[in-house]
Amino acid sequence: METLTLKLRGMSCASCAKSIEKAINNVPGVTNCNVNFGMEQATITYNSKKTNLDKIQAAVAEVGYSSSPQDDITSGEDEKETAARLAELNQLQRKVIVGAVISTILVIGSLPAMTGLHIPIIPAWLHNSWLQLVLTTPVQFWCGKAFYIGTWKAVKRHAATMDTLIALGTSAAYFYSVFATIFPRFFTAQGLTPDVYYETAAIVITLILLGKLLENRAKGQTSVAIRKLIGLQAKDARVIRNGQEIDVPIQSVILGDIVLVRPGEKISVDGEIIAGDSTVDEAMVTGESLPVKKQIGDEVIGATINKTGSFKFRVTRVGKDTFLAQIIKLVQQAQGSKAPIQRLADRVTGWFVPVVIAIAIATFVIWFNLTGNFTLALITTISVLIIACPCALGLATPTSIMVGTGKGAENGILIKGADSLELAHKIQTIVLDKTGTLTEGKPTVIDFITTNGTANQNELKLLRLAASLEKNSEHPIAEAVVKYAKAQQVSLIEVEKFQAISGSGVEGFVSGKLVQIGTSRWLEELRIDTNSLQNQQASLEKSGKTAVWIAVNGEMQGLIGIADALKPSSIVAVQALKRLKLDIVMLTGDNHYTANAIAERVGITRVFAEVRPEQKVATVQKLQAEGKIVAMVGDGINDAPALAQADVGIAIGTGTDIAISASDITLISGNLQGIVTAIELSRTTMRNIRQNLFFAFIYNIAGIPIAAGILFPFFGLLLSPIIAGGAMAFSSVSVVTNALRLRNFQPKVSKEI
């Protein structure tokens, strides 16, 4: 299975997007296709053995649209793509100007007829129908050319779009006027006045084009987050090659290169520091406001800014593999995805245009039969065709998703899809893993206790056995033990038959002795007597430390007291989550005493302790069985299954790649305030989407009946096609403008700290 993103050209409304989506989904081998009208792109998942790019593009072309593969995101928009978009906007602007000038002349010339007044300053020849025909024709067929092309494409595939409605409405006004101009006697012979409506056709086309121009410009602002991220990239790097420092374009940097960074410079690509130390401002990528201290062995992220010292780093990732490129890719995928709330709008869009055409026909028949007034029937029919707009429905959800996910990226929150963003606002229960989530995940050995009591030579021998065994494990506690041993200048020896027991501990043979290190529960399962150190264990755990047991040849020999500092953000974040009326649960493999001590410090009352990795999923399922929408927050490999099981999985970005890939939302900086920000952003975005959908539905529900003349029998009010055209043009603009308000979103928690 592969994923492909296509840039689309020629769409005029949500009905077009629906047609393309249907055509691509019908290609054998395509498993899923989402067309985003706001971004003008299609995200396609397909089986590469059954289909390919050419077949998919052929399906798009068959329904009358053009497409091209999305360029490498790290290079930004292709220059040709940018030039084509700019040329399209300039052409649209020229048409609006020409249409506006001609429409103004036509309105001035029509004022006497429309008002019934004699206006001396307006010459009579300006109202000459032949002159108006000459003036209107270029507006109808040059300015309005795209509407006819779109209509013809729709006809060929037996469909109808917004272009169909506009072409039908303006053509009815134009060709009726042409007939009245060429054959006026046909009307006078029946006692009718050969009225013309050239200004109606011209003004409606101009207003709709103006709305399109404003809409396209506004839509361009919804992707500002992507452009900001792309703009963060460094342009060049100072590389050390053959002992010399040379400046090269970032595209020329290769894996393994040594790069020198001076104070105040932007870090070019991802790497690992091999010399020097400094502090680095990572706010533009992670959202973390405070600079981060970096030293030898630490990773640095491309596009971040070096603050104080200079250092050298070895390049570990370039191009599309860099951390920034992955962020951009995830944001683009999220912006191109479809939220469940959009399904209603999609269903409505599918039958919208045919229903509007049917209403327009019924409007003409009813009014003509009731009144015999052809002009009244024609005007109401044109108004119905012009005012109906599926564009607002098509833009209501994707524009808000685009801005919302982009805003999340600005705050160090990566949201993988629109469905995750939508579901996050429904979260009722938050499950927080302890180690690496609430705590720093960097345990430190505080106490080393042996059965012999105080420190002595036997203790150093036991420490040597324990550290030698633990050096084979990747667990943070193992790293703490090894670090402690090195600080005591204890030399390590080789281990045989090393084995890690998930959620329990490690064992192996050191100097011919079987050494087992882990939880008291595990050692008790192995029938090892732990009574000799029970009092010491209780003392450690009551103070919030984790007790790790050491057995040699089946006999208890020692106890290690491990402390893991709370993250500075934990207490504040938990309190903020409580203010959001969420149930908060702590989940840990640690013992009950230590777990409760940590939970009490952060303000959590519901704790699941001594939970093995395989039991974490069951715990999440138990909470879900209570009827709750559950979010799981974790950072380790053993958290991945629970992250996947939860309704919303939230991974700490400083954790493992497996945990991040299993999650729906990633907090890049590891700051727990990001959980609160993600939920607030979801709630704000969903509120914005509902506003957009309300505007779009109410606009059409109220606008179409008024255009059909429902108020005329009661109040004598008719909606002019010109006003209908203006309303239609600005309905989409209002939806996009409302979505852009999300750019003002600011996290509340950061202000409280």
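**Close-up views of a predicted model**

**View 1. Phe141 and Tyr174 in a predicted model.** Phe141 is partly exposed, as its relative accessible area is 36%. The model shown here and in the other views is predicted. Tyr174 counts as buried, since its relative accessibility is 5% and the limit for buried is under 20%. The structure holds 17 aromatic pairs. In the pair formed by Phe141 and Tyr174, the ring centres are 5.3 Å apart and the planes stand at 85°, so the pair is edge-to-face.

View 2. Phe175 is partly exposed, with a relative accessible area of 44%, whereas Tyr174 is buried. Ring pairs join Phe141, Tyr148, Tyr174, Phe175 and Tyr198 into a cluster.

**View 3. Thr181 and its contacts.** Thr181 is part of helix α6. The residue is buried, at a relative accessible area of 5%. When neighbours within four places in sequence are left aside, Thr181 is in contact with Ser129, Trp130, Val196 and Tyr198.

**View 4. An open sheet of six strands.** The strands run in the order β16-β21-β20-β19-β18-β17, and their pairing is antiparallel. Strands β16 (444-450) and β17 (495-501) stand at the edges; each has a single partner strand, so one side of each is left without a neighbour in the sheet. From one strand to the next, the twist averages 20°. Within the sheet, β18 (residues 505-510) and β19 (residues 513-518) pair in the antiparallel sense over six bridges. Val510 has Lys513 of β19 as its bridge partner.

**View 5. Helix α18 on the sheet.** Helix α18 (residues 476-487) packs on the sheet and touches β16, β20 (546-552) and β21 (555-563). The direction of the helix makes about 70° with that of β16. Pro476 lies in this helix and counts as partly exposed, at 27% relative accessibility. Not counting residues up to four places away in sequence, Pro476 touches Gly441 and Pro443. From Pro476 to Thr444 the C-alpha to C-alpha separation is 9.1 Å, and the two are 32 residues apart in sequence.

**View 6. Helix α28 and its kink.** Helix α28 (residues 721-740) has 20 residues, which at 1.5 Å a residue should span 28 Å; the C-alpha atoms at its ends are 29 Å apart, which agrees. The expected span is 1.5 Å times one less than the number of residues. A kink of about 25° is present in α28, centred on Phe730. The helix is mostly covered, with 14 of its 20 residues buried.

Definitions and conventions:
Residues are numbered from 1 along each chain as its sequence is written. This is a predicted model: local features need pLDDT of at least 70, side-chain atom pairs count only at pLDDT 80 or more; totals for chains, interfaces and linings use all residues. Side-chain values use heavy atoms; hydrogens and water are left out. Two strands pair if DSSP finds at least two bridges between them. Helices (H or I, at least four residues) and strands (E, at least two) are DSSP runs, numbered from the N terminus. Axes are lines fitted to C-alpha atoms, for helices over the stretch in contact, and angles run from 0 to 180 degrees between N-to-C directions. Contact means heavy atoms within 4.5 Å. The bend at a residue is the angle between axes fitted to the seven residues ending there and the seven starting there. Buried means under 20% relative accessible area, exposed over 50%, partly exposed in between (1.4 Å probe, protein chains only). Rings of Phe, Tyr and Trp (its six-membered ring) pair if their centres lie within 6.5 Å; planes under 30 degrees apart count as stacked, over 60 as edge-to-face and the rest as tilted.
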